Amino acid sequence: MDTPLVERAEHLGVFEERLQGLSCRSGGFVVISGVAGSGKTRLLSEVRRLAGRLGVRVLTARSSHLEQRYPFGVVRQLFRLVLARATPEERASWLSGDAAPAVASIERHTGGDVRHGDYRTLHGLFWLMSNLCESGPLLLQVDDLHWADEPSLRFLAYLLPRLEGLPVLVAAGARPPAPQGASRLLDVLMADQVCETVHLAPLSHQGVASLVRGLFGQAPDDDFTGACVAVTGGNPLLVVESSRALAARRLPPTAPNAPRLRDAGSQAVARRVMLELSLLRPAHTRIAEAIAVLGPRTTVSLISAFTGLPVAEVADGVSELEPVNIIQETSATWRDRSFDFVHPLVAAAVYDHMDHSQRLAAHERAARLLLDAGAGAEEIAAHVLRQTRMDQGEVVGILRRAGREALDRGAPEAALSYHRHALTTALPADERPAVLAEAVEAALQVDQEQAATFLLSALELTPGVRERAELAARAGFALLYEGREHGNVSVIQDLLDELPPGEDEPRRMLEAIILSAANVTADTPVDPERLKTLRELPPSDTAGATHLDCALALRSMYLGDPAARELAHRALASPFARSRDARGTLVLMPAYFTLVYGEADQGIPTLNRAVHDAQANGSLAMLGVHHLQRGTGWLHRGELAEAAGDLRESVRLITLTGSTILLPSAVCLLAETLLEMGEPEQARRVVEGYRPPVPRPRVELFFFAAHAEARLLRADGRFDAAYERALAAGEGFAAHQGRNPAVLAWRSEAALSAHALDRAAEARVLADEEVELARRWGAAFPLGRALRVAAAVAPPDHRIERLQQAREVLTDSTARLELAKVLIDLGGALRRVNSRKQAAELLTEGRELAHRCGARRLVADATARMRAAGQRPRPLSLVGPDTLTPSELRVAGLARDGLSNREIAQALFVTPKTVETHLSSAYRKLAIERRDDLRTALPPGEPGPSPTG
């Protein structure tokens with residue numbers, strides 16, 4: 001029976017408002033935050049009742065400490081019951097599209113070779129939820145979110161930005177984040193702007209009095225209430241349990257009984273639970289202990305098997321434990337009923353009351369029971385991790401199987417936990433290297449430093465140099481992330497020195513690792529002669545050759561060597577690049593970056609395919625990188641809406657994975673895009689929201705963040721500070737041997753600030769250096785930009801010549817935004833020398849081009865210049881197919897071809913709301929009102945490149 005809900009009406013009102021908003025397809029995410037016993041569960045139960053009255057389908061889950069390492073445990077709870085009760089028709093509808101493989105991948109029966117990337121799993125779960133919404137709004141309720149498993153938290157974090165337009169409310173209860181378990185992702189969730197947090201304060205004096213009155217049926221004395229506040233701190237659960245402890249002894253809430261509260265309140269929950277159990281038969285204690293060990297949703301039949309009690313006796317026992325507020329029924333099916341404790345503190349009281357040896361024996365018994373029943377290794381491992389009595393060989397076997405299961409389901413954190421525990425056992429010497437190798441595979445996805453530690457240990461235990469080289473080649477990139485200064489690169493170099501002649505494949509892989517160290521660390525310079533020797537190696541189609549070509553491409557790009565493009569093309573054209581082994585990995589990342597910075601025309605189509613492959617089969621980390629790369633390409637082309645969409649998604653995904661080496665780059669480029677769009681405040685929030693780790697890790701690319709800060713400071717007119725930050729960015733880039741302005745145009749940034757500070761000579765030197773470096777690299781975008789900046793800081797009589805050079809470079813390129821800037825600057829320069837007609841034409845052309853790019857700040861600048869020249873700018877209401885963004889064109893093309901919004905969304909891995917937004921914009925730009933009009937408004941043929949999510 002629920003206790004009265006006191007001083008929580010305001011919080012309940014928040015949920016009522018959000019639930020009513022679901023009828024308008026306005027989703028939300030609300031977390032109730034409070035300490036243990038503050039009333040989170042009680043408030044959630046009221047939210048659940050309210051949802052039922054409003055006709056909202058409720059899916060519930062409750063996390064527990066026991067299941068924290070059980071991948072997708074919360075997700076399974078949310079969806080398992082509704083799917084089990086579905087009719088065949090409902091199940092077919094709900095599991096349509098990408099939902100079915102996602103559900104299969106998290107269930108125990110996943111086939112041995114069926115392995116989905118974690119992105120595909122999360123996206124499929126989103127579609128399962130979206131499909132369920134077709135029959136009405138949903139409430140996803142998760143209690144004790146702070147104990148949720150990492151994969152489930154990642155799904156909820158993935159869901160957050162996709163709630164717009166869906167009739168889904170997520171209501172969760174969580175204790176304030178603590179530095180344990182899955183708290184990083186919980187912090188990510190609760191820091192998101194979509195997430196609302198409801199903080200539960202302790203009850204006031206009046207609130208405690210009201211709660212006590214409801215429990216005793218009489219008003220408490222004021223002194224009794226004051227003592228109750230002092231003893232419980234206004235914690236509702238402690239108020240209830242303290243009061244119940246007195247009520248059980250038939251003591252009323254009067255002043256003379258106030259001192260007794262101190263004895264009852266200190267351990268009120270444990271005392272009350274043990275008192276209730278002592279009044280029941282011993283078998284009931286065994287049932288309660290079984291639930292405490294077996295965990296939430298324990299069935300009657302499982303309790304019977306665990307305790308050896310007959311099913312009928314267990315059924316009688318649970319029926320007596322329910323009325324005394326110890327356990328509650330969590331679900332009932334035609335097969336069995338399942339139970340859980342009414343509150344985690346009650347569960348803790350029962351579990352803690354068992355002595356240590358009793359708990360060890362109970363977890364061993366639970367593991368064997370599940371093992372005999374053919375349960376999944378992960379279920380068994382939850383108990384294996386809590387006992388030390390089983391045979392160590394048996395334990396290791398279970399943990400290794402659990403690790404493989406977890407990886408197959410896209411839960412590397414759990415896999416790492418299992419392997420880490422296996423390594424603490426007394427493993428035979430010949431088995432330890434294999435377990436270490438498996439641990440490396442899991443750690444590579446979530447903890448690079450731990451992966452490096454395991455790898456170094458495995459190398460020490462592997463005798464043959466060829467075997468050690470192959471092991472390092474498979475996972476040696478993890479060594480770059482380990483905290484030592486030069487030791488890890490020397491490990492690779494020692495292996496290279498030991499390799500016998502003829503071992504070409506591992507040799508190339510190890511050389512690639514050393515080169516990659518130089519790309520991401522500032523303390524691993526590469527000798528030019530070594531680079532020359534590696535470039536002259538004969539081409540090969542092997543994995544090692546592809547790795548090396550990718551590393552060489554990125555190193556050459558940093559140096560500004562145009563040979564990088566050929567290396568990138570060769571890597572991406574290799575058979576290995578197209579093989580299954582390369583899919584789902586970041587092996588090809590350097591080659592993609594090289595194309596983006598060197599050939600935007602070829603980079604975008606290539607990355608469209610890469611993004612699609614990552615969405616279909618890849619990881620969140622890989623997809624985050626590809627969104628970053630494609631967003632960079634869109635920015636260089638001047639497709640600002642596309643760039644912002646990709647870069648926002650990149651920041652989200654990189655943050656979710658915790659693999660933050662590329663986060664400064666994503667933040668910098670997103671801020672730059674927002675500045676170009678005329679959103680300086682948003683840009684500032686993006687940069688200010690990024691905080692580099694302290695102390696700074698050895699593997700870092702923080703020069704990107706310094707460059708973003710410089711741009712923001714210059715936009716604010718703080719030129720001194722902007723100049724210093726631009727120089728700091730340059731120093732950071734130079735520490736990585738970086739010189740290519742296509743990657744970081746720090747000289748241009750410093751030159752513009754120096755020019756504003758009347759340091760003309762410094763500005764021109766910096767700008768001229770950038771022009772020469774950009775000319776050597778040869779790509780249109782960085783060269784056009786360098787020439788434009790050089791014109792801005794040049795003497796007036798040289799500006800027109802430089803701008804005309806920039807126009808010539810950019811005219812036949814896809815760098816539309818940079819061309820718009822040049823046209824507007826050139827128009828302004830020509831106006832100053834009285835070439836008014838040509839100036840007017842250039843300003844008009846540049847303004848219209850800036851408008852097509854979505855560069856509102858630049859449009860405003862051009863408009864001001866035109867008015868200053870006496871022109872009357874015409875309205876910018878451009879229409880037609882060529883005004884559509886690539887995303888709008890792609891969506892409109894698929895709609896023209898007959899696909900529904902949901903079919904388009906599933907085909908493009910976006911949300912239905914995104915499709916609606918793109919279609920609405922396309923209708924406006926095409927001057928049409930109906931879907932049927934697309935057949936005539938859009939020319940037949942390819943619908944366009946793949947959009948961002």
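At what angle do helix H32 (residues 620–637) and helix H34 (residues 663–676) pack, and how far apart are their axes?

**Entry 1: Ground rules.** I noted that this is a predicted model, in which local features need pLDDT of at least 70 and side-chain atom pairs count only at pLDDT 80 or more, while totals for chains, interfaces and linings use all residues. Residues are numbered from 1 along each chain as its sequence is written, and side-chain values use heavy atoms, with hydrogens and water left out. Helices (H or I, at least four residues) and strands (E, at least two) are DSSP runs, numbered from the N terminus.

**Entry 2: H32 and H34.** I looked up the opening question and found an angle of about 30 degrees, with the axes 11 Å apart. Axes are lines fitted to C-alpha atoms, for helices over the stretch in contact, and angles run from 0 to 180 degrees between N-to-C directions. H32 and H34 are therefore roughly parallel to each other. Angles under 35 degrees count as roughly parallel, over 145 as roughly antiparallel, 65 to 115 as roughly perpendicular and the rest as oblique. The crossing of this pair, H32 and H34, is left-handed, a term for the near helix being turned anticlockwise from the far one by less than a right angle, whereas clockwise gives right-handed.

I then listed the residues in contact (heavy atoms within 4.5 Å). From H32 they are Leu-628, Thr-632 and Leu-635, which meet Ser-665, Ala-666, Leu-669, Glu-672 and Thr-673 of H34. Sorted by class, the contact of H32 with H34 has 4 nonpolar, 3 polar and 1 charged residues. For these classes, Ala, Val, Leu, Ile, Met, Phe, Trp, Tyr, Cys and Pro count as nonpolar, Asp, Glu, Lys and Arg as charged, and the others, Gly among them, as polar.

**Entry 3: H39 and H40.** I turned to helix H39 (residues 760–777) and helix H40 (residues 780–793), whose axes come within 8 Å and cross at roughly 160 degrees. That angle makes H39 roughly antiparallel to H40. H39 passes H40 in a left-handed crossing. Among the residues making the contact are Ala-763, Ala-767 and Trp-777 of H39, and Pro-782, Leu-783 and Val-793 of H40. The class count for H39 with H40 is 11 nonpolar, no polar and 5 charged residues.

**Entry 4: H19 and H20.** How do the axes of helix H19 (residues 377–384) and helix H20 (residues 392–408) cross, and within what distance do they come? I found a crossing at roughly 130 degrees, with the axes coming within 8 Å. H19 is therefore oblique to H20. The crossing of H19 past H20 is left-handed. Residues of H19 that meet H20 include Ile-380 and Val-384, and their partners in H20 include Val-395, Ile-398 and Leu-399. By class, I recorded 9 nonpolar, no polar and 3 charged residues for the contact of H19 with H20.

**Entry 5: H28.** I checked the length of helix H28 (residues 543–559): its 17 residues reach 25 Å from first C-alpha to last, close to the 24 Å expected at 1.5 Å a residue. The expected span is 1.5 Å times one less than the number of residues. Of the 17 residues of H28, 16 are buried, so the helix is largely enclosed by the rest of the structure. Buried means under 20% relative accessible area, exposed over 50%, and partly exposed in between (1.4 Å probe, protein chains only). Just after H28, Gly-560 takes a positive phi of about 80 degrees.

Within H42 I looked up Leu-823, which is buried, with a relative accessible area of 1%. Leaving aside neighbours within four places in sequence, Leu-823 is in contact with Arg-807, Leu-842, Glu-845, Gly-846 and Leu-849.

**Entry 6: Asn-834.** Is Asn-834 buried or exposed? At 58% relative accessibility, Asn-834 counts as exposed. This residue, Asn-834, is found in the loop between H42 and H43. Its phi is near 70 degrees, a positive value in a residue other than glycine.
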